[in-house]
Amino acid sequence: MTQQQYRITLLPGDGIGPEIMAVAVDVLKLVGQQLNLNFEFQTALVGGAAIDATGEPLPAATLETCRQSDAVLLAAIGGWKWDSLPSHQRPERGLLGLRSGLGLFANLRPAKILPQLIDASTLKREVVEGVDIMVVRELTGGIYFGQPKGIFATETGEKRGVNTMAYTESEIDRIGRVAFETARKRGGKLCSVDKANVLEVSQLWRDRIIQLASEYQDIELTHLYVDNAAMQLVRAPKQFDTIVTGNLFGDILSDAAAMLTGSIGMLPSASLGANGPGVFEPVHGSAPDIAGQDKANPIAQVLSVAMMLRYALDKPEAADRIERAVLQVLDNGYRTGDIMSNGMTLVGCRAMGDALLQALEKPQS
């Protein structure tokens with residue numbers, strides 16, 4: 001059998017990024033050996049690490065390396081060290097530039113309750129049991145990219161901060177289609193979240209989503225204002241299947257949905273474009289407070305590998321193996337500090353990685 005070759009760009013980034021990336025690469029290598037998949041890895045700089053080395057958060061060489069790959073695996077960026085830099089030089093600009101440079105307009109962020117971790121959630125079992133939500137977030141428009149933006153002096157000399165929330169019809173339509181197609185593969189329900197009672201940009205958003213719905217008669221479409229959606233996520237999250245929303249609202253709601261599961265350290269995400277490589281990354285941040293202490297939870301990074309295999313490389317069997325290994329390790333009682341509970345075995349990042357490798361090495365049923 002001919003070995004299949006894939007070029008993967010690794011962006012370990014900052015904080016706990018290198019630690020969780022090391023675990024993910026070990027897992028990917030083992031699955032590759034088992035299924036005759038060969039991965040060629042290239043490591044590049046982004047975020048704070050890139051600023052320290054080159055003075056900019058997304059060097060041109062990094063973006064070009066990503067463009068030449070089959071998929072990009074990103075860990076985490078940012079940290080207190082760079083908080084005092086001007087906004088255009090901060091690590092987060094590297095992430096925005098990566099999304100823009102690769103044309104990644106759709107962010108898929110799942111929030112699924114794993115049975116082993118129901119009690120890790122801060123909400124009652126009866127509220128979160130069975131939750132399985134996919135947030136489809138628009139990535140390259142909205143207030144993070146709109147112009148004008150900046151801090152300007154007024155006629156009186158007072159400073160005024162400005163950001164512009166803007167969407168075109170075509171931007172709304174393309175993320176809307178991704179959302180409808182995603183809902184079609186899931187439970188057939190789509191909730192579009194906006195603020196159409198206040199914002200003109202949201203009025204256009206709602207108009208276009210309603211127009212698109214005529215092409216997806218099999219999908220049940222509902223609408224919520226973002227403040228109500230946030231409340232409903234906490235009050236009754238099982239009412240949601242697929243959620244579609246803009247960049248800012250999606251940033252906030254996807255993190256809220258993540259915490260339904262008990263730990264933001266458990267959830268992967270995929271950022272996809274019309275063509276070219278996607279970026280696969282954990283939902284969580286760089287956690288500089290625990291960096292280098294072997295306390296990080298690598299599971300979201302490992303599940304990001306599974307999403308990469310499924311959505312970018314079309315290797316569902318490999319993805320299934322990884323996801324089964326994660327469930328097996330949790331069944332065996334291993335927990336990092338963020339998901340620790342009574343009666344479980346507390347392990348660090350490296351030990352969790354070793355447990356995942358052991359689970360993968362067992363015969364697959």
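**Rings, sheet and cavities**

Reply: To begin, Tyr 6, Phe 39 and Phe 41 form one aromatic cluster. Note that the model is predicted.

Me: How many aromatic pairs does the structure hold, and is the pair of Phe 180 and Tyr 216 stacked or edge-to-face?
Reply: The structure holds four aromatic pairs. In the pair of Phe 180 and Tyr 216, the ring centres are 4.6 Å apart and the planes meet at 5 degrees. Planes under 30 degrees apart count as stacked. The angle of 5 degrees therefore makes this pair stacked.

Me: Which parts does the pair of Phe 180 and Tyr 216 tie together, and how many residues apart in sequence are they?
Reply: Phe 180 lies in helix 6 (residues 169-185). Tyr 216 lies in the loop between helix 7 and strand 9 (220-225). The pair therefore ties together parts whose separation in sequence is 36 residues.

Me: Is Tyr 216 buried or exposed?
Reply: The cut-off for buried is under 20% relative accessible area. Tyr 216 has 5% relative accessibility, so Tyr 216 counts as buried.

Me: Which strands stand at the edges of the open sheet?
Reply: The sheet has 10 strands in the order 2-1-3-12-11-4-5-10-8-9, with mixed pairing. Each edge strand has a single partner strand, so one side of each lacks a neighbour in the sheet. The edges are strand 2 (37-43) and strand 9.

Me: What is the bridge partner of Leu 190 in strand 9?
Reply: Strand 8 and strand 9 pair in the parallel sense, over six bridges. Strand 8 covers 189-194. The partner of Leu 190 in strand 9 is Leu 221.

Me: Which residues are closest to the centre of the largest cavity?
Reply: Two cavities of 30 Å³ or more are found in the whole structure. The largest holds about 110 Å³ of space. Of its 14 lining residues, the closest to the centre are Met 165, Tyr 167, Ser 202, Gly 246 and Phe 249.

Me: How do the residues lining the largest cavity divide into nonpolar, polar and charged?
Reply: Strand 8, helix 7 (200-213) and helix 9 (247-260) each supply at least two lining residues. The lining divides into eight nonpolar, five polar and one charged.

Me: Which elements each supply at least two residues of the lining of the second largest cavity?
Reply: This cavity has a volume of about 40 Å³. Its lining includes Arg 109, Pro 110, Ser 254 and Ala 257. The elements are strand 4 (104-112) and helix 9.

Conventions:
Residues numbered from 1 in each chain as written. Predicted model: local features only at pLDDT ≥ 70, side-chain atom pairs only at ≥ 80, totals over all residues. Heavy atoms only, no water. 1 Å grid on protein atoms, 1.4 Å probe; cavity = no way out; pocket = protein on both sides within 12 Å on 5 of 7 lines; lining within 4 Å. Points joined across faces, edges and corners; volume = space filled by probe spheres on them. Helix = DSSP H or I, 4+ residues; strand = E, 2+ residues; numbered from the N terminus. Nonpolar A, V, L, I, M, F, W, Y, C, P; charged D, E, K, R; others polar. Phe/Tyr/Trp six-rings, centres within 6.5 Å; stacked < 30°, edge-to-face > 60°. Buried < 20%, exposed > 50% of the residue type's maximum accessible area, 1.4 Å probe, protein only. Pairing = 2+ DSSP bridges.
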